[in-house]
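I opened the model to look up its confidence, its first helix, its charged pairs and one patch on its surface. My notes follow in the order in which I checked each item.

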Amino acid sequence: MLPPRESERWRVLIRRLADTFGADAFEPHVTLLGRIAGRRRDVIGRARDWAASTAPLTVRPRAIACLDEYYRCLFVDLEKTPLLLAARRRAEALFGHCGGDYRPHLSLLYGNFSAAVRRRAAAEISEPFDSSFMLRGAAVVEMDAASMPAQWRTVASFSLPQPPPRDERRHCA
């Protein structure tokens with residue numbers, strides 16, 4: 001989950017792009033692990049365990065990118081930092097799920113558009129996107145593969161614990 005100020009900034013852009021290109025709007029997010037199946041209670045418990053062991057994650061945008069994929073039609077490509085990749089591996093281990101190659105990103109537009117339309121959508125972005133921000137929360141979102149983003153439901157959310165101040169980490173017990 002993005003911090004409130006960053007979330008609002010990206011939400012405005014996502015809605016503007018959705019309106020311009022006749023697509024569905026959605027909440028800004030960075031997917032760590034998708035396609036998790038299981039009983040809701042079990043999934044939420046594992047997500048809670050993951051969140052309790054994960055410090056806030058710094059996310060570094062690299063570039064605006066497009067793919068011929070519905071959920072990555074237009075997105076901000078994010079740097080694969082060691083901490084982000086470690087958080088992904090912990091999530092995969094907790095859920096017993098290997099999600100394959102991970103390309104961290106913040107989607108901006110969903111849809112099946114031609115390459116020309118994707119390029120035009122990318123050209124619509126005038127906002128600066130190169131400043132890093134901190135992910136301080138996580139959420140479990142329930143969705144069906146055939147559902148539209150408006151039908152997705154957040155069923156649980158968690159804060160990521162703050163690491164202790166630097167001077168406290170040096171003391172031995």
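Where pLDDT is low, the predicted coordinates should not be read in detail. The protein as a whole averages a pLDDT of 89, with 93% of the residues scoring at least 70.

For the record, this is a predicted model, in which local features need pLDDT of at least 70 and side-chain atom pairs count only at pLDDT 80 or more, while totals for chains, interfaces and linings use all residues. Residues are numbered from 1 along each chain as its sequence is written, and side-chain values use heavy atoms, with hydrogens and water left out.

Next I looked at helix H1, residues 4-21, whose 18 residues reach 25 Å from first C-alpha to last, close to the 26 Å expected at 1.5 Å a residue (the expected span is 1.5 Å times one less than the number of residues). Helices here are DSSP runs of H or I with at least four residues, and strands are runs of E with at least two, numbered from the N terminus. Among the buried residues of H1 I noted Trp-10, Leu-13, Ile-14, Leu-17 and Phe-21, where buried means under 20% relative accessible area, exposed over 50%, and partly exposed in between, with a 1.4 Å probe and protein chains only. The buried residues of H1 pack against E3, strand E4 (105-109), helix H4 (115-123) and strand E5 (133-135). Just after H1, Gly-22 takes a positive phi of about 65°.

I then followed Glu-127, in the loop between H4 and E5, which is in contact with Leu-13 and Arg-16 once its neighbours within four places in sequence are left aside.

A search of the whole structure gave 14 salt bridges, each a side-chain nitrogen of Lys or Arg within 4 Å of a carboxyl oxygen of Asp or Glu. In one of them, Arg-15 pairs with Glu-27 at 3.9 Å between the closest N and O atoms; Arg-15 lies in H1 and Glu-27 in the loop between H1 and helix H2 (40-52), so the pair ties together parts that are 12 residues apart in sequence.

Last, I noted that Tyr-71, Val-141 and Met-143 form a nonpolar patch on the surface, and that Tyr-71 is partly exposed at 31% relative accessible area.

Note on methods. pLDDT is the predictor's confidence in each residue, from 0 to 100. Patches are made of residues with over 30% relative accessible area and no salt bridge: like charges are joined within 9 Å, nonpolar side chains (Val, Leu, Ile, Met, Phe, Trp, Tyr) within 5 Å. Accessible areas come from the Shrake-Rupley method with a 1.4 Å probe; for residues, only the protein chains shown count as cover. Contact means heavy atoms within 4.5 Å.
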